[in-house]
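This briefing covers salt bridges, nonpolar packing and the nonpolar surface of the structure shown below. Each topic has its own group of points.

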Amino acid sequence: MTLDKLRPYVSRFLDPFVKGFDRVGLTPDGVSVLAFGMAVLAAAAFMLGGRADPIWYVAAATLVFLNGWLDIIDGALAREQQVASAGGDLLDHVLDRYADIVVIAGLAAGVDDYLLGFLAVTGVVMTSYLGTQAQAVGLDRVYGGLVGRADRLAIIGIVGFVAYPLADLEAGGLTVIGWLLVFLAVVGHLTALQRFAYSWAALD
């Protein structure tokens, strides 16, 4: 299960957006920064959803989807403008990791459960690390496993929308957002281990 495999098929639907960004003078790096800004706003909205008003969960979910959409567009824009570079790829990956961290921090702060937040963020970061570390040792970049970044953003966004009407629902002492953090923690570490096992076997 990984939506990252669908990126080549999604590309054909990006043209109007890519051409629009190109016309207004945005660069791929600018889009990457804009995507990160959406993640920061999503984190703040998730925190407000847990501490102030659950309606903020809807805003957070929308911002998460915008982050994911812009994360696809930056690469397509780089190809359109013929400016794809190692530096741009580095910036994109660094901002993606910070985006993952701040969104999970916002989720954890909203439900005041920093242990779950720590477990979730380490799982997510290790998943991404193993994907790129495979490339560093001479393999192709690994996107497979239980949950890739695209899957993760989709799940966070969907749960964000669901959390609004179910804000008062608890099961096992955890809210919907609490269980989302559990999911991210467990599946994140399992995906990281899957990617490690795949890379280890490929090196033999």
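Predicted model: local features only at pLDDT ≥ 70, side-chain atom pairs only at ≥ 80, totals over all residues.

Asp-71 counts as buried, since its relative accessibility is 5% and the cut-off for buried is under 20%.

**Salt bridges**
- The side chain of Asp-71 forms a salt bridge with that of Arg-149, with an N to O distance of 3.1 Å; because Asp-71 belongs to helix 4 and Arg-149 to helix 7, the pair ties together parts that are 78 residues apart in sequence.
- Arg-149 is likewise buried, at 10% relative accessibility.
- Asp-100, buried at 5% relative accessibility, forms a salt bridge with Arg-149 in which the closest N and O atoms are 3.0 Å apart, and this pair, joining helix 5 to helix 7, ties together parts that are 49 residues apart in sequence.
- Asp-100 also meets Arg-97 in a salt bridge (3.3 Å, N to O), and these two residues of helix 5, being three residues apart, are separated by about one helical turn.
- A network of salt bridges links Asp-71, Asp-96, Arg-97, Asp-100, Arg-149 and Arg-152, and the structure holds seven salt bridges.

**Nonpolar core**
- The largest nonpolar core has 39 residues, of which Phe-46, Leu-107, Ile-177 and Leu-180 touch the most other members; helix 4 supplies its largest share, eight residues.
- Beyond its neighbours within four places in sequence, Phe-46 is in contact with residues including Tyr-57, Val-103, Leu-107, Ile-156 and Ile-177.

**Nonpolar surface**
- Phe-65, Ile-158, Phe-161, Val-162, Leu-166 and Leu-169 make a nonpolar surface patch of about 490 Å², to which helix 7 gives the most, with three residues.
- Phe-161, placed in helix 7, is partly exposed, with a relative accessible area of 35%.

Definitions and conventions:
Residues numbered from 1 in each chain as written. Heavy atoms only, no water. Patch = residues over 30% accessible without salt bridge, like charges linked within 9 Å, V, L, I, M, F, W, Y side chains within 5 Å. Areas by Shrake-Rupley, 256 points an atom, 1.4 Å probe, with all protein chains shown as cover. Salt bridge = Lys/Arg side-chain N within 4 Å of Asp/Glu carboxyl O. Helix = DSSP H or I, 4+ residues; strand = E, 2+ residues; numbered from the N terminus. Buried < 20%, exposed > 50% of the residue type's maximum accessible area, 1.4 Å probe, protein only. Core = buried A, V, L, I, M, F, W, Y, C linked by side-chain atoms within 4.5 Å. Contact = heavy atoms within 4.5 Å.
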